[in-house]
Amino acid sequence: MDIKLLNQVEKESIGERQPLPEKYLRLSDDEMDARIAAAKKTLGERVVILGHHYQRDEVIKFADFTGDSLKLSREAANRHEAEFIVFCGVHFMAESADILRQPHQKVVLPDLAAGCSMADMAAPDQLEMAWRELEQMGIRTAPVENGKQGVVPVTYINSSAAIKAFVGAHGGIVCTSTNAAAVMKWAWERGDKLLMLPDQHLGRNTGWKMGVPLDEMIVWDPNEMWGGVTAPQVEKAKLILWKGHCSVHTRFTTAQVDVFRKQYPAGKVIAHPECTLDVVQASDDSGSTEYIINAVRNSPSGTTWAVATEVHLVNRLREEFSPDKTIVTLDPFGCLCSTMFRVSPNHLLWILEGLVEGQVHNHITVPEDQKRDAKLALDRMLAVRS
Ligand code: SF4
């Protein structure tokens with residue numbers, strides 16, 4: 001039987017995937033599994049495989065560690081004996097691992113086409129332009145004598161190394177969906193207003209939970225002159241939200257919440273903060289992937305959950321907790337991160353057998369100057385207690 005490499009979604013997106021040598025196509029499930037396991041065994045402690053929660057089952061079953069991007073990067077840096085970090089995730093995650101890795105380690109991404117549409121919504125030249133336009137609007141962008149600055153840049157970890165580097169070099173900080181509130185508090189202690197990028201929804205949801213009125217948040221559209229806003233609007237804003245979003249999490253709707261509540265009146269809805277504010281407000285709880293996993297795990301027997309995040313994580317939660325708890329995806333069609341999905345078992349096999357043969361395919365390297373500045377922003381985050 002052919003491996004599920006070419007299911008319908010994959011057939012439609014095959015042109016977007018990194019091509020593989022012919023001999024890595026059309027392998028049976030059994031042969032694929034056996035060869036991945038054999039290559040991994042041969043490499044032993046020289047390799048560590050990291051699997052993001054949104055990865056497909058056929059890949060994540062080979063991961064030594066699973067988690068969100070920050071947790072995985074930390075795991076990688078702590079596995080000093082591993083020479084190769086194979087990051088089954090998307091490009092910005094592999095870059096973060098390269099920034100945090102030990103000097104002797106190399107980071108590999110199985111499919112170079114595995115990007116993140118949200119991270120791609122903030123390009124470095126757009127951020128430089130926005131920064132200049134804010135200065136021209138009279139907003140202070142550098143610290144003054146008391147150490148305070150007008151605007152402090154905060155970037156979600158779901159951004160390129162170049163964006164993290166800009167943020168680090170301009171007094172800013174990285175956040176994750178787990179620590180966004182603590183990081184934003186840190187930033188407001190150092191500036192009057194925050195420029196939060198690239199995800200407007202994480203920024204808005206966190207700001208709203210922290211009590212920032214919606215009329216003190218504005219959206220900066222990098223494709224518009226002056227971000228599509230006026231100087232008085234920027235002056236009044238406490239939170240400037242970059243116009244970016246996750247194409248997976250913004251598919252969840254309040255109508256889906258209503259349908260679930262009719263079907264399961266006692267059920268609970270939990271949403272990732274990359275969902276829109278109305279979905280988060282209509283939910284019973286919200287938080288990062290790690291938070292969602294713990295909320296489901298710690299809930300009483302018999303609880304029913306609708307989970308608004310990527311479908312592979314939801315399916316694994318259902319398998320882990322069934323029949324004790326009922327877990328469904330909030331979107332009946334299941335929201336799939338198609339770029340995460342590009343990392344196929346075929347790509348993983350190609351990478352591992354390459355390493356066995358002494359060839360490092362898809363080595364991810366962040367330029368040294370970017371690494372230095374991006375690390376500033378990451379280190380500031382790591383010093384913040386959440
Ligand atoms: S789920 Fe959204 S934010 Fe996460 S990798 Fe996919 S596109 Fe990017």
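The ligand is surrounded by 13 residues, of which Cys-116, Met-118, Cys-246, Val-248 and Cys-337 are the closest; a residue is near a molecule if its C-beta atom, placed from the backbone, lies within 6 Å of it.

The model is predicted: local features need pLDDT of at least 70, side-chain atom pairs count only at pLDDT 80 or more, and totals for chains, interfaces and linings use all residues. Residue numbers start from 1 along each chain as its sequence is written.

Next, colour the chain by domain: domain 1 (4–116 + 339–366), domain 2 (119–245) and domain 3 (249–329), with bounds from an automatic or database domain assignment. Between the C-alpha centres of domain 2 and domain 3 the distance is 29 Å. Their contact takes 11 residues from domain 2 and 12 residues from domain 3, where contact requires C-beta atoms, placed from the backbone, within 7 Å. The side of domain 2 that touches domain 3 holds 2 nonpolar, 7 polar and 2 charged residues.

Finally, display the open sheet of 5 strands, ordered β2-β1-β3-β4-β14 with mixed pairing. Strands are DSSP runs (E, at least two residues), numbered from the N terminus, and two strands pair if DSSP finds at least two bridges between them. At the edges are β2 (65–67) and β14 (363–364), each pairing on one side only. Select β1 (residues 47–52) and β3 (residues 84–88): these strands run parallel and are joined by 5 bridges. Leu-50 has Phe-87 as its bridge partner in β3.

Definitions and conventions
Two residues are in contact if their C-beta atoms, placed from the backbone, lie within 7 Å. Ala, Val, Leu, Ile, Met, Phe, Trp, Tyr, Cys and Pro count as nonpolar, Asp, Glu, Lys and Arg as charged, and the others, Gly among them, as polar. Helices (H or I, at least four residues) and strands (E, at least two) are DSSP runs, numbered from the N terminus.
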